Amino acid sequence: MAWTRARRRWAWALALVLAALALAVPLTVARRQEPTPRGTPVNVVLEDFKVGLDAAVVPAGTVRFQIRGQGPTRHELLVVRTDHAPDKLPLQRDGLTVNEDAPGIDLLDEVDGLDIDDRQTLVLRLAPGHYVLYCNLEGHYLGGMHAALTVR
């Protein structure tokens, strides 16, 4: 009887070890398979009413925007290629938001709905030129939520 009890304990211990391995191995393999995004990193902080960039000039090619919403309200980030000055983008008829379809505005991509301390990465392939990053929620652009980025 004692021998059977000891065998059951060993069987349970072995089952627990195998279950832990069955969970750990796929998670480890999955982490190794996730490629690290390449490109020039640019940290972007969105806060009322500012778009903070840690680089104003980057080399042409892949750029990895690491975006953090600092609040205190919800924000979004749009990246456009344009020759307009950052504070001179054409407005919609409402006078509160940028007209993303206006001539001279080439919308590349956007990240919506960043709440306080939300983080997101946006990877873009950028050709040499002038770019503007801004928040287009009502009044945010007019409040100064824009920044220039030059790609060389």
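Contact here means heavy atoms within 4.5 Å. The model is predicted: local features need pLDDT of at least 70, side-chain atom pairs count only at pLDDT 80 or more, and totals for chains, interfaces and linings use all residues. Residues are numbered from 1 along each chain as its sequence is written, and side-chain values use heavy atoms, with hydrogens and water left out.

Strand E6 contains Asp109. Strands (E, at least two residues) and helices (H or I, at least four) are DSSP runs numbered from the N terminus. Residues up to four places away in sequence aside, Asp109 touches Leu77, Leu78, Val79, Leu122 and Leu124. The C-alpha atoms of Asp109 and Val80 are separated by 7.5 Å. Along the chain, these two residues are 29 apart. Asp109 is partly exposed, because its relative accessibility is 31%. Buried means under 20% relative accessible area, exposed means over 50%, and partly exposed lies in between (1.4 Å probe, protein chains only).

E5 and E6 pair in the antiparallel sense, over six bridges. Two strands pair if DSSP finds at least two bridges between them. E5 is also joined to E8 by four bridges, and these strands run antiparallel. Leu78 stands opposite Glu110 in E6. Leu78 also stands opposite Tyr134 in E8. Six of the seven residues of E5 are buried, so this strand is largely enclosed by the rest of the structure.

An open sheet of four strands has the order E2-E1-E4-E7, with mixed pairing. Strand E2 (50–53) and E7 stand at its edges. Each has a single partner strand, so one side of each is left without a neighbour in the sheet. From one strand to the next, the twist averages 25 degrees. Axes are lines fitted to C-alpha atoms, for helices over the stretch in contact, and angles run from 0 to 180 degrees between N-to-C directions.

Strand E1 (residues 40–47) runs parallel to strand E4 (residues 61–71), and eight bridges join them. Val42 has Phe65 as its bridge partner in E4. Leu46 stands opposite Gly69 in E4. E1 and E2 run antiparallel and are joined by four bridges. In this pairing, Val45 has Gly52 of E2 as its bridge partner. A hairpin connects E1 to E2 through two residues.

The largest nonpolar core has 23 residues. Such a core is a set of buried Ala, Val, Leu, Ile, Met, Phe, Trp, Tyr and Cys residues joined through side-chain atoms within 4.5 Å. Val44, Phe65 and Ile67 touch the most other members. At least two residues of this core come from each of E1, E4, E5, E6, E7, strand E8 (129–134) and strand E9 (146–151). With neighbours within four places in sequence left aside, Phe65 is in contact with Val42, Val44, Gln120, Thr121, Leu122, Leu124, Leu126, Leu133 and Leu149. A second, separate core of nine residues includes Leu89, Val98, Ala102 and Ile105.

A search of the whole structure finds one aromatic pair. Tyr134 and Tyr141 form this pair, which is edge-to-face, at 5.8 Å centre to centre and 75 degrees between the planes. Rings of Phe, Tyr and Trp (its six-membered ring) pair if their centres lie within 6.5 Å; planes under 30 degrees apart count as stacked, over 60 as edge-to-face and the rest as tilted. Tyr134 is buried, because its relative accessible area is 0%. Tyr141 also counts as buried, at 3% relative accessibility.

Thr97 is buried, because its relative accessible area is 9%. The side chain of Thr97 makes a polar contact with the side chain of Asp94 (3.1 Å). A polar contact is a pair of N or O atoms within 3.5 Å; within protein, one must be able to donate a hydrogen and the other to accept it, and residues adjacent in sequence count only if both atoms are side-chain atoms. Beyond four places in sequence, Thr97 touches Leu91, Gln92, Asn136, Leu137 and Glu138.

Asp115 lies in the loop between E6 and strand E7 (119–126). Asp115 counts as partly exposed, at 33% relative accessibility. Apart from neighbours within four places in sequence, Asp115 is in contact with Gly69 and Arg74. Asp115 and His140 are 14 Å apart in space, C-alpha to C-alpha, and 25 residues apart in sequence.
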